[in-house]
Amino acid sequence: MNQQLMRRDSLPAPKASISPEEDLREQKRMHFNYLQMICLAIGAQYTTVVAGRGTGKTRGVLAPKLHQLLKKLARSSIVVIGATYVQLMDRTLPELMEGMEALGYVRNVDFWQGRFPDKKYNLRLPYNAPLDPHHSIFMRNPGTDCVSVLRMVSQDRPGSANGMSISAILGDEAKTFKKDKLDSEVMAINRGGYERYGDIPEHHSVTFTTDMPTEREAKWILKDREESLKPHHQKAIELILAIQLELYNERLRLKTRARNAARLKRIESYERQLNELRKGLVHYAAASSFANVHALGLAYFREKKRMFKPSAFDAFILNKEQDGVDNGFYPDFDQHHHQYDATDYNFVDKRVIAGESYNDCRKDADLDHNQPLTIGMDYGSSFNGIVVGQRFSKLHLMNKSGFDEVRYLKSFDVLYPDKVQDVVARFVEYYRYFYKKQLTYVYDPTAVGKDGKSPMTYADEVIKGLKAAGWKVKTKYFSKVPSHDARFLAWGWCLREIDTRFAKQRFNRENMRKVVKAMGNAKVKEGRNGFEKDKTDEKYVDEVPQDETTHYTDAMDTVFWYLTIVEPGKTDLLGAVFGN
């Protein structure tokens with residue numbers, strides 16, 4: 001379906017608004033799928049979109065919503081929130097700004113990222129303009145000589161929302177948000193400004209988009225579905241769509257009729273009715289990825305069907321609600337409790353301002369340069385991966401928890417046709433600024449195999465690549481791999497944190513995203529020797545993405561067993577874990 005949106009002016013108009021006749025003359029034809037169209041048409045004050053991947057949630061829902069906010073809320077402050085600042089910079093903002101450019105906004109003419117607008121345009125700044133522009137984007141209010149500010153707020157930067165008074169909230173990947181922090185730090189500042197904007201529905205609006213949550217901690221996002229289904233919301237939505245149809249017909253006639261005064265009054269009356277219906281309205285929109293099939297093509301779905309396991313395809317493509325992995329191998333893992341944020345934003349901000357890359361170990365605030373790293377790996381023709389960890393005693397200056405901790409700092413992987421040497425090269429590149437250049441490489445009999453193309457074992461290749469890059473390598477060989485049953489019981493014991501003699505397990509949220517996803521996919525089954533990790537997906541190389549299977553968790557298990565049990569000398573306590 002095609003929808004017409006106003007083309008952005010390159011320079012501000014001398015007046016504060018655009019008449020309907022001008023609006024019609026300054027149109028640009030855009031294309032929206034039905035999910036995007038329904039969100040635009042309803043325009044509720046509170047909108048939650050849960051839709052399959054590839055449906056254009058950021059470019060087709062958040063960007064048009066931001067455009068409407070800029071039209072209605074001149075000189076306002078708007079927040080775009082992310083779970084981490086890296087998520088905002090690397091994933092959300094590029095898509096959002098591409099969406100705004102598709103709507104006609106021109107970089108450094110209509111919006112300025114990380115800096116104030118050019119003085120030559122003589123634009124009036126927001127009422128609550130930030131003193132430091134580096135974490136903001138200034139955006140023109142269409143048809144005016146004003147700008148609003150889009151302020152970047154992330155949950156991993158303490159105090160990034162302090163002192164703000166904002167007019168609207170936008171959020172992508174909402175299932176990754178911590179609900180308690182969202183309420184206390186962001187929703188609480190969506191206040192004030194009634195003297196400037198009155199009670200128009202765009203003021204204090206909240207718009208969240210995400211794909212289907214699968215973890216229990218993220219299911220809060222689905223509560224808006226129940227609220228939206230209440231009769232008064234459903235009736236308001238029906239009326240809005242009926243009025244939108246009348247508006248569409250009236251605006252079509254503006255082009256063909258000579259006398260339009262009465263028609264313009266009717267249009268104005270319809271707009272007032274829409275505003276009243278949108279106030280306080282909760283709209284929950286859901287769609288599978290097939291909503292965008294005309295853009296994605298059928299080949300996209302064939303590929304995802306081949307690559308994804310059935311539960312992942314149902315959740316992320318068909319948008320079906322999941323109850324999580326039945327019989328998970330890591331059932332006690334809590335994505336909020338066991339994860340932490342640790343980004344050095346003094347370093348990141350300087351690099352962002354300079355337009356330089358910041359994706360290396362200097363951005364990691366959880367890294368102790370005075371002690372070696374520990375790595376565990378998984379090897380094979382289809383997948384090679386590394387998990388990096390360090391142990392922090394309760395007396396460590398970087399540990400404020402009062403308990404021993406094992407921290408999982410970073411992961412790396414390569415898929416076929418890349419080999420073990422390639423994943424080692426990624427590790428070396430990322431940690432090139434780690435000045436101690438020492439590590440403990442923990443491996444087991446799976447590392448002494450060969451790929452058939454080299455006389456060297458996987459372990460030989462790893463050690464050769466590390467030493468060639470200047471690393472001092474200490475090796476720890478497990479002659480016998482801890483059984484699945486032992487790992488299952490030990491992980492559960494430590495994740496439940498019922499025995500302070502064992503270190504707490506903590507995961508860097510941003511750097512360990514893939515591993516945490518693989519943990520969620522890992523299942524357990526009953527075997528002859530107790531609990532076993534279900535490794536069926538590893539056999540379907542062409543059907544299931546191997547970086548989402550148990551490969552990654554095996555590398556993580558190696559680091560866990562060494563840093564939690566072997567290195568601190570806790571093997572004599574395993575009887576308490578195993579019940580004998």
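This note walks through the sheets, cores, aromatic pairs and one glycine of the structure above.

1. **Ground rules.** Please keep in mind that this is a predicted model, in which local features need pLDDT of at least 70 and side-chain atom pairs count only at pLDDT 80 or more, while totals for chains, interfaces and linings use all residues. Residues are numbered from 1 along each chain as its sequence is written, and side-chain values use heavy atoms, with hydrogens and water left out.

2. **Overall make-up.** The protein has 19 helices and 19 strands; helices (H or I, at least four residues) and strands (E, at least two) are DSSP runs, numbered from the N terminus. Of its 580 residues, 54% are buried. Here buried means under 20% relative accessible area, exposed means over 50%, and partly exposed lies in between (1.4 Å probe, protein chains only). Among contacts with a separation of 6 or more, 71% come from residues 24 or more positions apart; a contact means heavy atoms within 4.5 Å.

3. **The eight-stranded sheet.** Eight strands make an open sheet with mixed pairing, in the order β5-β6-β7-β4-β8-β9-β3-β10. Two strands pair if DSSP finds at least two bridges between them. At the edges stand β5 (111-113) and β10 (282-287), each with a single partner strand, so one side of each has no neighbour in the sheet. From one strand to the next the twist averages 15°. Inside this sheet, β3 (residues 46-51) and β9 (residues 205-210) pair in the parallel sense over five bridges, and V49 has T209 in β9 as its bridge partner.

4. **Helices against that sheet.** Helix α2 (residues 34-42) lies across β3 and β10, and runs at about 170° to β10. Helix α5 (residues 179-186) also packs on the sheet, where it touches β4 (77-82), β7 (147-154), β8 (168-171) and β9; the direction of α5 makes about 165° with that of β4. For these angles, axes are lines fitted to C-alpha atoms, for helices over the stretch in contact, and the values run from 0 to 180 degrees between N-to-C directions.

5. **The seven-stranded sheet.** Seven strands form an open sheet, again with mixed pairing, in the order β11-β17-β14-β13-β12-β15-β16. Its edge strands, β11 (339-340) and β16, each pair on one side only. Strands β13 and β14 run antiparallel and are joined by 10 bridges. If you want a spot to look at, Q390 stands opposite R407 in β14.

6. **Nonpolar cores.** A nonpolar core is a set of buried Ala, Val, Leu, Ile, Met, Phe, Trp, Tyr and Cys residues joined through side-chain atoms within 4.5 Å. The largest has 38 residues, and those with the most contacts inside it are Y330, V387, Y408, W491, F507, M556 and W561. Two or more residues each come from β13, β14 (405-415), α16 (484-496), α17 (513-521), α18 (550-566) and α19 (574-578). Helix α18 gives the most, nine residues. A second, separate core has 33 residues, including L93, I137, Y197 and Y345.

7. **Aromatic pairs.** The structure holds 28 aromatic pairs. Rings of Phe, Tyr and Trp (its six-membered ring) pair if their centres lie within 6.5 Å; planes under 30 degrees apart count as stacked, over 60 as edge-to-face and the rest as tilted. Y379 and Y458 are stacked, because their ring centres are 5.3 Å apart and their planes are at 15°. Y379 sits in the loop between β12 (373-378) and β13 (383-392) and Y458 in helix α15 (residues 458-468), so this pair ties together parts 79 residues apart in sequence. Both Y379 and Y458 are buried.

8. **A second stacked pair, and a cluster.** F434 and W471 have ring centres 5.8 Å apart and planes at 5°, so they are stacked too. F434 is in the loop between α14 (420-430) and β15 (438-443), and W471 is in the loop between α15 and β16 (472-477), 37 residues apart. Elsewhere, one aromatic cluster is formed by F329, Y330, F333, Y408, F488, W491, F507, F560 and W561.

9. **A glycine to inspect.** G56 lies in the loop between β3 and α3 (57-72) and is partly exposed, with a relative accessible area of 24%. Leaving aside residues up to four places away in sequence, G56 touches Q36, V61 and N292.
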